[in-house]
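Let me put the structure up and then walk you through a few things I'd like you to look at.

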Amino acid sequence: MVIDSVARFVAANGLDTLTPLEPVALSGAEVRDLMRVATRHRLVGLVAGAVADGLLLVDDDGFDFVAGTHESWCAHVLSVERLLVEVARQFDEDGIALRLFKGSALALGSYADPSRRLFADIDLLVASDDFERATLLIENRLGGKRALPELRPGFDREFGKENLVRVGRIEVDLHRTIAAGPIGLAIPRDELMNGPAGSVVVAGREVPTLGPTAQFIQVCVNAAVGDYPARLLSLRDVAEVASALEADPANVESVAQRWRALAAVKRAVELTWQELELAPSTWRDWAATVQPSRVDSLLMRSYLTSARSYTRPAASLLVIPGVAGRARYLRAIAWPQAEYLNARGWSQSSHTRRAFDRVMRRR
Amino acid sequence: MTTYRRASDAGWRVSLRGVVVLGPNRDEVQLLAPPGDAVWKLLGTPRTIDELVGSLIDTFNAPESTIRADVETLVAELTELGLVEPVSRSGRAAC
């Protein structure tokens, strides 16, 4: 049995597929193989769901293995949500606006059964002006530790996607934008923070989320360029948010175009419908005909090379306004501060050599 | 007659073997196996012990006295853990 196709089958369970899914029987060894693949693709919740739905037929040991793994993840998710509630409360007290996205926002806002959409950390969008204050608040009041210093002082506030702050074993990702690299830099941050918002209730507390269109674009960008190759859970997110969103491709197209994310949204929808073998829909038809600009396609392709750590920053220069801004960005990428290099165990020369090797290997 | 409901600040997820619950002031999760998971789901709406027993009697093939004893014990334990709270009929937490 090809476990990768079982994983795709699990990821599509409950969606409108081209052909109905038939139950699959798994041996004990196959259950363990599937759970390894499921962990890589973040599908443990959907595997448990497929067992509950009778689509994966497993023996008692297999059942206990899936149930035990799923329950451990659920315990982690609940700890993450408890920390999220505390962070949201503290931000609220200090007047720091936030938008929750990914993990809890999708599990509680888009999935019919939140136990099928597991996650490991907290993703919060905050305004650039609040970025450093929000990071310090988590460090000072919740005992957080920043994962990496900035590339150069001021870099995160101007260009960075996120600050990773670890509180115990949970990571709080504070974002200024919803993607690293050129697409994230091109998206107008004030539209993300000041545009329409949604909300979810997390352990009794209402937490603001991205609005529906921004959330759809975010899951699409994540599926298209967040990981290469795309994780199956990211594709499932696209299908879930698309089905929850009123079918309004014209509105999504206009916003995604303005945000330079149209190529990524098109790729995400096409990948989702193709990999999960979903039945035709308004979204699939729309993606087949939409035409992103050449520059937007170039921005997206910069994420999909083996040297993406370097092609992405290079493409970012296309969207950073002004010569001075580009110069500051280039300087930070080429000559990071010593604290950053030390934290990664690099020297300036090894950093430069590494960049050169990666880019040349690509060719 | 006392009415109970889930503590609003308790987080929970459905698992294959019941419901996994985490309260706001405890580090350990509770796994509520059947019939505890059914009680937990019913307590999304404030209910008395009689109402809980009445809802469970059709699902679980056991004498009413057994179900009542199990429900009373479970609700008492969950209340002790802060996962369930007694409420007035208006829905406010009782002092």
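Before I go on, the ground rules. This is a predicted model, where local features need pLDDT of at least 70, side-chain atom pairs count only at pLDDT 80 or more, and totals for chains, interfaces and linings use all residues. Side-chain values use heavy atoms, with hydrogens and water left out, residues are numbered from 1 along each chain as its sequence is written, and chains are lettered from A and ligands numbered from 1 in the order in which they are written.

Back to the salt bridges. Zoom in on Arg17(B), whose side chain pairs with that of Asp64(A) at 3.4 Å, N to O.

How much area do chain B and chain A bury between them? About 1500 Å², with 62% of it on carbon and sulfur atoms; that's accessible area, 1.4 Å probe, lost by the two parts on being put together and summed over both. On chain B's side, Arg13(B), Leu16(B) and Arg17(B) supply 52% of what chain B buries against chain A, more than any other three residues.

In terms of contacts, 20 residues of chain B touch 24 of chain A, with contact meaning heavy atoms within 4.5 Å.

Now let's go inside chain A. Helix α4(A), residues 60–93, packs against helix α6(A), residues 131–142, at about 115°, axes 11 Å apart. Helices here are DSSP runs of H or I, at least four residues, and strands are E, at least two, numbered from the N terminus. The axes are lines fitted to C-alpha atoms over the stretch in contact, and angles run from 0 to 180 degrees between N-to-C directions. From α4(A) the contact uses Leu83(A), Glu86(A), Val87(A), Gln90(A) and Phe91(A), and from α6(A) Ala134(A), Leu137(A), Ile138(A), Arg141(A) and Leu142(A). Split by class, that's seven nonpolar, one polar and two charged.

Last stop. Over all chains the salt-bridge count comes to 27. One I'd pick out is Asp92(A) with Arg205(A), closest N and O atoms 3.2 Å apart. Asp92(A) sits in α4(A) and Arg205(A) in strand β9(A), residues 205–210, so this pair ties together parts 113 residues apart in sequence.

That's it from me.

How values were computed. Ala, Val, Leu, Ile, Met, Phe, Trp, Tyr, Cys and Pro count as nonpolar, Asp, Glu, Lys and Arg as charged, and the others, Gly among them, as polar. A salt bridge is a side-chain nitrogen of Lys or Arg within 4 Å of a carboxyl oxygen of Asp or Glu.
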